[in-house]
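Colleague: Could you walk me through this structure with a few questions and answers? I would like to start from how the terms are set.

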There are 2 protein chains.
Amino acid sequence: MTGFAVDPTAIASDVAALGRIGAQPDGGVTRTTYDPAWVQARDLVRKMMADRGLSVRVDAVGNVYGRLAGTDGSRTVLTGSHLDTVPNGGNYDGALGIVAGIAALDALNRDRGRPRDNVEVVAFVEEEGTRFGADFLGSRALVGGADPAELHATRDVDGVSVAEAMRAVGLDPGHIGEAKRTDLKAFLELHIEQGPVLEGTGTDLGVVDAITSLAVEDARVTGRADHAGTTPITHRADALRAAARMIVAADERARACGPPATATVGMCRVHPGGANIVAERAEFSLDARHPDPAVLGRLVEEIHQQWQAIAATEGVDLAITPRRVTDGALMDPGLGALLREAAGVCGASAWTLTSGAGHDSQVLAPHVPTGMLFVPSRAGRSHCPEEFTEPEHAAIGARVLATALHQLAY
Amino acid sequence: MTGFAVDPTAIASDVAALGRIGAQPDGGVTRTTYDPAWVQARDLVRKMMADRGLSVRVDAVGNVYGRLAGTDGSRTVLTGSHLDTVPNGGNYDGALGIVAGIAALDALNRDRGRPRDNVEVVAFVEEEGTRFGADFLGSRALVGGADPAELHATRDVDGVSVAEAMRAVGLDPGHIGEAKRTDLKAFLELHIEQGPVLEGTGTDLGVVDAITSLAVEDARVTGRADHAGTTPITHRADALRAAARMIVAADERARACGPPATATVGMCRVHPGGANIVAERAEFSLDARHPDPAVLGRLVEEIHQQWQAIAATEGVDLAITPRRVTDGALMDPGLGALLREAAGVCGASAWTLTSGAGHDSQVLAPHVPTGMLFVPSRAGRSHCPEEFTEPEHAAIGARVLATALHQLAY
């Protein structure tokens with residue numbers, strides 16, 4: 001491996017140190033925005049940045065920045081990821097992008113000295129939305145997409161508003177506008193893949209071309225409770241039988257749409273739920289994804305048509321409640337080419353991937369040229385204690401990141 | 001309508017009086033074995049029997065008998081049904097067979113006087129198994145199929161054993177053997193259909209040829225929890241997608257088997273149950289029925305084969321746990337012919353049906369020639385507050401019952 005020197009052991013050690021903050025007795029790590037674990041992690045990240053000679057600051061929303069100041073300094077090339085986790089999450093989701101960014105800036109600083117443009121690494125707050133459901137709060141504040149009204153209106157399960165939680169950690173919610181930046185030249189995020197493709201194909205890195213669009217909705221099927229023994233199959237309005245056909249149909253429509261389309265039913269509840277009672281009601285969720293919002297819209301529409309046909313055949317009522325639609329984003333093609341080129345320089349194999357999960361990068365992409373780099377996830381696992389990336393894979397990612405940042409900022 | 005005089009209004013009034021005992025604030029009636037509502041209902045039934053001139057006794061298990069004593073008196077023709085209900089059940093299931101039996105004996109007594117054989121009507125305890133899960137306890141005690149060990153071992157949700165509950169209502173569990181009878185010449189049970197066939201075909205009565213056999217089991221599908229966005233559809237071990245295909249397959253196998261086969265999945269639970277998490281585990285029930293135990297066995301076997309094939313295709317594990325298998329029973333063909341003939345005498349239309357639900361009759365059938373008569377259920381509903389049978393239909397049933405009892409006992 002040529003290029004910048006990055007120590008896999010140091011990356012693994014920094015990831016483990018962050019993972020001990022918020023570690024849960026029942027496994028995994030829970031670090032939610034502005035909670036004591038987040039404060040501790042913020043301070044550790046500040047120390048990691050300062051120890052590598054970066055100048056550190058925390059912005060109005062709590063994003064932590066470490067800067068390698070440029071000789072010009074009017075523009076900034078940014079890298080980084082988020083500091084929060086899902087409940088009982090893993091050590092790598094978000095954290096690795098921060099740790100690898102710090103390692104890349106350290107390598108640049110040591111090998112090439114001062115850049116022309118500023119190079120910065122960021123640790124964003126609240127990407128997962130675990131505490132407040134305020135997904136992407138840190139990156140939205142960066143692009144001017146978070147306002148004080150939201151901070152007062154949005155509360156955690158204990159009724160604490162974002163604004164109150166900010167004040168408790170020394171931030172002034174009235175100043176959130178100051179988190180907005182207009183000096184960014186590019187943003188590059190390194191993240192774990194959270195899927196099995198890189199490992200399965202033996203590829204070192206994924207270069208993300210797009211982040212998927214997402215539609216989440218709730219379906220409720222209402223039939224009629226009947227005695228399981230005395231009501232002939234043909235005389236039933238069986239809510240679960242209908243729901244099962246709908247679940248199968250959603251899967252089939254997504255397969256017919258072709259990769260990377262997905263349709264997932266992860267939740268299903270049945271009422272009254274007795275073994276000898278035909279189900280009166282079945283409620284289930286749909287999570288459908290495709291990078292192209294238009295294709296996603298057609299997929300969801302096709303699924304609805306199939307469901308309506310099944311409801312008619314089965315003699316049940318169907319009510320569909322959209323929960324949310326999130327448009328994804330295209331990554332900057334120029335940065336994609338730059339990342340593939342940087343991979344080549346480093347002797348790393350790269351695969352172009354679409355991200356099926358949401359990332360801060362999709363918030364920045366409409367405002368700043370943005371690129372994403374995936375490193376392999378063992379067994380494709382994420383959002384769980386088993387989440388793992390080989391230190392050597394993480395180091396390859398950091399080297400390619402450093403190479404690309406060098407191209408952009410020197 | 002010719003034959004015995006039965007007053008529809010009196011039947012409706014007696015059913016309503018029983019239905020007020022155990023009536024729930026949230027609808028329906030809950031009367032479980034040996035509870036205060038059961039004691040009150042037992043006493044009302046005793047009074048109803050005594051008011052019609054029947055001699056009343058309560059046996060060792062709590063079954064209530066009302067007798068029209070015969071001139072010979074060595075043998076007894078019995079009718080009746082059960083006094084307990086499911087939780088929030090209806091007024092008719094069980095109760096109507098007792099009320100109609102009392103009305104039939106009253107009509108016989110008034111019109112024809114003393115019979116040759118004894119004619120009795122019974123109100124059985126614990127047919128539904130609601131309190132103790134001791135299904136058919138009353139009829140089993142009658143045929144000598146309940147023993148003291150069971151009474152001590154079987155407990156309700158509060159930990160009270162059948163034996164303790166018996167003592168609390170003045171019964172001695174050590175004497176349960178005394179409930180056994182050897183003098184029965186025939187048993188005829190009138191019951192609501194609990195299904196839609198009689199109403200749908202505009203038929204007055206159903207003559208039951210067989211009571212279905214039943215297999216209940218629990219299935220557990222174990223796949224792998226994955227991120228709904230980042231794991232391609234083709235890389236998943238989706239427990240709910242697999243379970244949905246299994247639910248559909250069970251229905252299709254039962255349809256292929258043909259009526260009256262049924263396969264019902266009334267319960268399904270999913271873990272972890274998040275909209276954006278591929279299901280790791282799905283648990284569901286199977287309730288399969290067919291009157292012929294051999295056909296039922298083949299149906300269940302075919303369903304299992306389909307499920308195993310689906311599990312293999314979907315890459316999930318499948319564990320099947322049998323909960324119980326209950327062999328049904330054939331009704332006595334001679335009594336079936338007698339009931340159809342009695343219907344003809346009364347000018348009532350009759351349809352031969354297989355019972356998809358279990359009844360005390362299936363316990364008696366191996367020991368005593370047994371016949372069953374169904375009256376129509378409005379909209380086929382049962383085990384719910386909407387359970388209803390037109391008073392005129394109930395009265396037709398009671399007249400046909402009286403006619404058949406007359407044939408047997410005079």
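Modeller: Helices (H or I, at least four residues) and strands (E, at least two) are DSSP runs, numbered from the N terminus. This is a predicted model, in which local features need pLDDT of at least 70 and side-chain atom pairs count only at pLDDT 80 or more, while totals for chains, interfaces and linings use all residues. Residues are numbered from 1 along each chain as its sequence is written, chains are lettered from A and ligands numbered from 1 in the order in which they are written, and side-chain values use heavy atoms, with hydrogens and water left out.

Colleague: Thanks! Where is A:Asp117 found?

Modeller: Look at two elements of chain A, helix H3 (95-112) and strand S4 (118-124). A:Asp117 is found in the loop between helix H3 and strand S4.

Colleague: Is A:Asp117 buried or exposed?

Modeller: The classes go by relative accessible area: buried is under 20%, exposed is over 50%, and partly exposed is in between (1.4 Å probe, protein chains only). A:Asp117 has a value of 3%, so this residue is buried.

Colleague: Which side chain does the side chain of A:Asp117 join in a polar contact?

Modeller: A polar contact is a pair of N or O atoms within 3.5 Å; within protein, one must be able to donate a hydrogen and the other to accept it, and residues adjacent in sequence count only if both atoms are side-chain atoms. Contact in the wider sense means heavy atoms within 4.5 Å, and beyond four places in sequence A:Asp117 touches A:Leu68, A:Gly70, A:Arg75, A:Val77, A:Lys185, A:Leu408 and A:Ala409. The polar contact, at 2.7 Å, is with the side chain of A:Lys185.

Colleague: And in chain B, how many residues apart in sequence are the parts that B:Lys185 and B:Asp117 tie together?

Modeller: B:Lys185 and B:Asp117 form a salt bridge with closest N and O atoms 2.7 Å apart, the term meaning a side-chain nitrogen of Lys or Arg within 4 Å of a carboxyl oxygen of Asp or Glu. B:Lys185 lies in strand S5 (residues 184-192) of chain B and B:Asp117 in the loop between helix H3 (95-112) and strand S4 (118-124) of chain B, so the parts tied together are apart in sequence by 68 residues.

Colleague: Which side chain makes a polar contact of 2.6 Å with the side chain of A:Asp183?

Modeller: A:Asp183 lies in the loop between helix H6 (162-168) and strand S5 (184-192) of chain A, and counts as buried at 17% relative accessibility. One polar contact of its side chain is with the side chain of A:Arg181, at 2.8 Å. The one at 2.6 Å is with the side chain of A:Thr76.

Colleague: Let's turn to the interface. How much area is buried between chain B and chain A?

Modeller: Buried area is the accessible area (1.4 Å probe) that two parts lose on being put together, summed over both. The contact takes 54 residues from chain B and 55 residues from chain A. Carbon and sulfur atoms give 58% of the buried area, which is about 4100 Å².

Colleague: How many salt bridges are counted between chain B and chain A?

Modeller: One salt bridge joins the side chains of B:Arg245 and A:Glu252 (3.8 Å, N to O). There is also a network of salt bridges that links A:Arg241, A:Arg245, A:Glu314, B:Asp251, B:Glu252 and B:Arg255. The count between chain B and chain A is six.

Colleague: Which element gives the most to the side of chain B that touches chain A?

Modeller: The elements giving two or more residues to that side are helix H8 (239-257), strand S8 (262-264), strand S9 (268-271) and strand S10 (281-290) of chain B. With ten residues, the one that gives the most is H8(B).

Colleague: Last one: how far from B:Cys268 is the nearest cysteine sulfur?

Modeller: A disulfide is a pair of cysteine sulfur atoms within 2.5 Å, and the structure holds zero disulfides over all chains. B:Cys268 is buried, with a relative accessible area of 4%. The nearest cysteine sulfur to B:Cys268 is that of A:Cys268, at 4.9 Å.
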